[in-house]
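Subject: Handing over the model

Hi there,

Here is the structure I promised to pass on to you.

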Amino acid sequence: MAEAAETSIVIPAFNEAASIGAVVRDLTAAAPWHEILVVDDGSSDGTSAEATRAGARVVRHPYNKGNGAAVKSGIRAATGTCILIADGDGQHRPADAARLVSQIGEYDLVVGARSGQTHATLPRRVGNELLNALATFLTEQRIPDLTSGFRAARREQLLEFLHLLPNGFSTPTTTTMAFIKAGYSVRFEPIDAARREGVSKIRLGSDGFNFFLILLKVITIFSPLRLFAPISAAAFAVGAAYGVWTILTQSHVTNSSVLLIVLSVVILLVGLVSEQISSLRFEGRPPR
């Protein structure tokens with residue numbers, strides 16, 4: 001089991017001067033952490049000054065690179081063996097931080113799973129539920145909160161997937177999917193999160209589409225047949241059904257049905273090759 005004394009807390013922050021000081025002070029009071037590291041992602045307010053004043057170590061980007069880039073900088077700069085990633089907007093309760101970290105050892109990744117009421121608007125709640133359902137299908141494991149940024153894992157395991165992490169807001173999505181598909185043990189710990197302070201920096205339309213693309217990217221890296229097999233089956237079913245219908249009604253098979261059946265075979269073969277390529281990424285992986 002991991003302990004607070006060996007845990008670096010990484011907090012990506014962009015224009016969070018109003019809340020970052022209180023976040024750092026509350027976390028400091030909650031447990032004797034190894035360090036609290038705030039990554040100021042090119043803020044134009046006093047985020048760095050407030051974080052430093054509260055006792056955090058600050059890494060500053062010269063310009064805004066994105067939430068994921070800030071998380072990656074924090075992981076690289078952290079010196080603890082375990083890392084807890086938290087938001088800088090005051091959503092997460094400091095008392096939950098130690099609870100997540102204490103489960104590292106039995107689990108490889110512990111995610112703070114928020115209740116649906118945490119999401120401020122109905123469209124955001126619906127969007128997150130759709131992403132959770134899609135991720136559950138693709139990974140064959142129930143995922144109650146795919147996009148929670150409150151999570152703990154060992155630094156060495158996060159470094160294993162660092163090259164996959166995007167610079168935008170899809171870092172939680174990518175780490176969750178990557179850990180699950182790599183065979184690591186993932187725990188979704190229920191938490192109650194407060195409403196965020198200020199305005200959310202996530203745009204529902206464009207970022208929601210990016211989340212979807214990230215899901216497809218990660219699943220094709222780790223388990224491509226979960227994507228290719230259903231598409232192949234659907235194309236074959238449509239082609240075969242259309243072929244049977246044309247035989248019964250027109251006494252011949254149309255080119256369209258033949259093309260759909262051939263397409264289904266090609267998609268399946270591509271999926272099989274992708275699956276073999278995917279398995280190569282684990283060759284030579286150090287034993288755990």
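A word on terms before the details: a residue is called buried when its relative accessible area is under 20%, exposed when that area is over 50%, and partly exposed in between, using a 1.4 Å probe and protein chains only. Please keep in mind that this is a predicted model, where local features need pLDDT of at least 70, side-chain atom pairs count only at pLDDT 80 or more, and totals for chains, interfaces and linings use all residues. Residues are numbered from 1 along each chain as its sequence is written, and side-chain values use heavy atoms, with hydrogens and water left out.

First, the overall picture. Of its 288 residues, 46% count as buried. Taking contacts (heavy atoms within 4.5 Å) between residues at least 6 apart in sequence, 77% join residues at least 24 apart. The accessible surface is about 13600 Å², and carbon and sulfur atoms account for 60% of that; the areas come from the Shrake-Rupley method with a 1.4 Å probe, and for residues only the protein chains shown count as cover.

Now to the charged pairs. Side chains of opposite charge can pair when their charged atoms come close. The structure holds 8 salt bridges, each meaning a side-chain nitrogen of Lys or Arg within 4 Å of a carboxyl oxygen of Asp or Glu.

Two of these may interest you on strands E2 and E3. Arginine 57 and glutamate 35 form one, with their closest N and O atoms 2.9 Å apart. Arginine 57 sits in strand E3 (residues 57–61) and glutamate 35 in strand E2 (residues 35–41), 22 residues apart. Glutamate 35 is buried at 11%, whereas arginine 57 is partly exposed at 34%.

Aspartate 40 and arginine 60 form another, at 2.5 Å from N to O. Because aspartate 40 lies in strand E2 and arginine 60 in strand E3, this pair ties together parts 20 residues apart in sequence. Aspartate 40 is buried, with a relative accessible area of 0%, while arginine 60 is partly exposed at 46%.

Elsewhere, glutamate 189 meets arginine 99 with the closest N and O atoms 2.4 Å apart. Glutamate 189 belongs to strand E7 (residues 186–191) and arginine 99 to helix H4 (residues 94–101), so the pair ties together parts 90 residues apart in sequence. Glutamate 189 is buried at 8%; arginine 99 is partly exposed at 29%. Salt bridges with shared partners join Asp96, Arg99, Arg187 and Glu189 into one network.

Best wishes

Terms used: Helix = DSSP H or I, 4+ residues; strand = E, 2+ residues; numbered from the N terminus.
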